[in-house]
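Have the model open in your viewer as you read.

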Amino acid sequence: MEVTELTPQDADDLLRRRHPRLAPSAARRVLEESGGNPLALVELPLHRTGDSLDTMAPWLPSSGPGQRLERHFAQRLRRLPPEAVRVLLLTALGGEAAAWSAGTWLTDDASLTTEEVFEHIESSGLAHLGSSGRLSFRHPLVRGAVIAHASPDEQRQAHRELAGAPAPDDPRGLLHEAAAALSADEDLAARLEAAGRRLARRGGDAEGAVLLDRAAALSVDTGCRARRLVWAAVMAARGGRLPYTAALVDELRRGPIPPEVAPLFAYAVVYVDQSHRIDFESSFTLLPRALTDLASAAVDTCPGLAEQAYFKLVLATVYTDDPRGWAALEHHRTGVSPLARLCHRAWADPARTAHGVTRRLHELMEGMSEEQEAGAVWLLLWTAAAVDAADATVWRRFSEQHGYATQGTIAKARSYQDYLKARWDRAESCLREAEAADELGYHCNALVFRHHYAHFLAGRGDENGLREVDRAIRPVARRARMKWVEDHLDHLAALVALAHDRFEEAYRRLAGLTPPGVLPRGLPWFHLPFFDFVEAAVHTGRLDEARAHISAARDAQMEDISAHHAFLLAAATAIAAPDAETDALFRAAFRTAGAQQWVFAGARLRLAHGRWLRRRHQVSARDALLNAFHTFRSLESAPWAAKAERELRAAGALATSPAGGRELLTAHQLRVAQLAADGLTNKEIGQLLHLSSRTVSDHLYRIYPKLGITSRAALARALKAGEHA
C-alpha cells in the first residue's frame, strides 16, 4: 500500500499528538528524518538513540524492532547492483541537498542507465524518486542501514565526492572533507574552525560545535586541539549538547589549557556547573579571574566572552545573592558594554537602581545589528525580565536563532510572561519544557520551568499542587543556595494563604521577605509581593505597616521603574487608603498605563473595590464583582472566584454563568473582546497586547461564535449580557 507523505504542518501535529513529551531538538530531528512518513513519525521516537542535534550523523537504532528493521533493509541492499547502492549511499550521507541530486551521481562508464538504476531502487522498496526529482527513503531507518552496509573505504570515497558539491568553505562540504580524511590536516582543521566560528556568531552554536569537534580531531598540534575543543565545549553548551560539554570539560581538565583560552575554559566549566550540575560556587571563583585576564589581554582572542562571563556572573549572583558576586560585578562593571552594565543595574537593587531601564534597553536594542543581537540575546532578555518587559516585542527578535541556549531562554521568558499576562491555559507547557530541559541535561533550566509552573498553581490557589512542586524543587535550590527560588516559593505560599483567607499566615510569610517599610536589596523582584504584603497587612488590621510600605515605595519612586511596578503601587495605595480617598484611588489604579495587562492582579483589585462599594451599598459594586468573578473563573482560580461569588451574594446578585458565551472565552480572548468592545481597532489592540493585527483578527473570528454574534458591533452588548446572565 502506498503511504503518502504528510505536509510539514500535519506531520508536526501527528508527532505532537503521539509523542507530546518529545524534546524539541528530538522532535525537529524526527520531522527531518521521517520525511513526512506517518509510520516513521509514530515509530522513530521509540526506536532511535543518539545525538538529535548532530544532523550530519544518522541516528543509531536502539535494540529491538529498530535493529531488526535495519537488518531487513540490509538484506535488500545486498540484492541491489553496485550503482544503485552507490546512489543510495551518496544520498544517505549527503542529506537533503544530495536527495535532489541523486540523478547526477551516476558516472558515464556505469553499466546501467539512470532509468535502470532507479528502477532497481524503486523495486527494492527502499527509496522513491518523486516527480520533482527528489530521492526519498521509504523509512528513516533505511538511511542508517545504507551507511552501515558500506565499508569505511566506501564511506570515505562517498564523502570525497560529496565534498566537491558545495562551495569550498561551505560547512557541509568541509564536514564531508573531514569525514574523508585519513590523517591530521591542519589546513582543513583551520578552515573548519573558521566556518564553525562564523556559524556560532550567527546563533548556530550546535552546528558550530560539530565543526570545531571535527577540527580538533584533525589538529596536528596538541595545543591547537585543546583550544578547538574548548571552543567546541562552549558552542555545544549553547547549542543544546550540555552533557557533551561536560564530558569535554572533564577530558580537558586532564591536560594543559593554552593560556589564550584559559578564560574561555573557565567559562565552559562555569556553564556546566550552573546549567548541568546546578552549582554556582565556581561562578564566584573562576569568573572574576577570567574577567581580569580578559581585561588585561593584549589581543582579544575570545570576542564577546567578557559579556557572556559577566552575564553568567549576574545570573549566579541574582540566584544566590552571594556578596562575592555583587563585589565582583561592581569591580568589573566599567570594563563591559553598556548593555552588560544595564543588566547589572536592573538587578543590583531595583528599588534604587532600575529606574529608566526599560527605556534604555529599547534604545540599545534599536542600535544593534543582527550579529550583535545574537551575541547579546541573554543579556537583553535577562535585563527585560528584571522589569517584567521580556514580552513578545523582545523575544520575537530572536525566534529565528535556533541554539538551545537562546530558545531555552526565550521559553523561560515566555512562560513567566504567560503567568503575568494571564495566559494560564499554557501552564502545562512549563512542565513540558522542564522535561525537555532535563532530557538535554539543562537541569537548572528544568528547575526554573517548574518554579514558573508553581506560579500558576499559586495563582489558582492550588495548595496541594504548590506543595508538591515545592517538595520537588526546594531541596535542590537549597543545596545550590538559590535564594531566588526559595524566596519565590515563600511568596507563592503566602499568595495561596491569601486565596484561602489565611491573612495572618500570609502576613507573617511576606514580612519575612519584605519587612514593613523596607524594600530590601536582596529581593530584586520586590514588587511582586508588594501588593500582597499590603493586602495582608490591611486584612490583619496593620494599616500603619501597610502605609509604611507604600510610603517607602513612593520615596523610591517605584512607579517609574516599569508599568507593572506602577500598577502594583497604585493598587496597594487604593486598598490602604482612607475612606474619603478610596474610590478615587481605585479608579486611578485602573487608569494606570497598561493596567489591563495585569489580569490576575486587576481582578483582585476589582474584587477589593467591589467589596468596598458593597459595604457602602453602592449599586456599582455588582459590576466590579461580576467582572472579578468572571476573570477568576476564566483563569480557573477557584478560591478567588468563590470570594467574588460570596461578595455578589451579599450584594444581592447571582454569579450564575450562561451555558455558553462569555464563560467560554479564555482570559486572553476576553481581553481582546473587551478592548474591541471599547472601540479599539485591531492595530491598536495588537500594539497594546504585542500581537499582530492578523492575530487579533483570528482571536475575534473565534470569539464571535462563542458569544453567539456575527459582528464587532454586537460585542459590547454580548459581553454585558454575559456578566449579568
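## A helix pair

Helix 10 and helix 12 cross in a left-handed manner; left-handed here means that the near helix is turned anticlockwise from the far one by less than a right angle, while clockwise would be right-handed. Helices are DSSP runs (H or I, at least four residues), numbered from the N terminus. This is a predicted model, in which local features need pLDDT of at least 70 and side-chain atom pairs count only at pLDDT 80 or more, while totals for chains, interfaces and linings use all residues. Residues are numbered from 1 along each chain as its sequence is written, and side-chain values use heavy atoms, with hydrogens and water left out.

Two packed helices are described by the angle and the distance between their axes. The axes of helix 10 (residues 186-201) and helix 12 (residues 222-239) come within 12 Å, crossing at roughly 25°. That makes helix 10 roughly parallel to helix 12, a label for angles under 35 degrees. The axes are lines fitted to C-alpha atoms over the stretch in contact, and angles run from 0 to 180 degrees between N-to-C directions.

## Who touches whom

On the helix 10 side, the contact (heavy atoms within 4.5 Å) is made by Glu-186, Ala-189, Ala-190, Glu-193, Gly-196, Arg-197 and Ala-200. Helix 12 brings Cys-224, Arg-227, Arg-228, Trp-231 and Met-235. These contact residues divide into 6 nonpolar, 1 polar and 5 charged. In this scheme Ala, Val, Leu, Ile, Met, Phe, Trp, Tyr, Cys and Pro count as nonpolar, Asp, Glu, Lys and Arg as charged, and the others, Gly among them, as polar.

A network of salt bridges links Glu-186, Glu-193, Arg-197, Arg-227 and Arg-228. A salt bridge is a side-chain nitrogen of Lys or Arg within 4 Å of a carboxyl oxygen of Asp or Glu.

## Salt bridges elsewhere

The structure holds 45 salt bridges. One of them joins the side chains of Asp-490 and Arg-474, with the closest N and O atoms 3.0 Å apart. This pair links distant parts of the chain, 16 residues apart: Asp-490 sits in helix 27 (residues 483-499) and Arg-474 in helix 26 (residues 463-479). Arg-474 is buried at 13% relative accessibility, whereas Asp-490 is partly exposed at 24%. Buried means under 20% relative accessible area, exposed over 50%, and partly exposed in between (1.4 Å probe, protein chains only).

Asp-273 and Arg-277 also form a salt bridge, at 3.1 Å from N to O. Asp-273 is buried at 10% relative accessibility, while Arg-277 is partly exposed at 38%.

Technical notes:
Helix = DSSP H or I, 4+ residues; strand = E, 2+ residues; numbered from the N terminus. Parallel < 35°, antiparallel > 145°, perpendicular 65-115°, else oblique.
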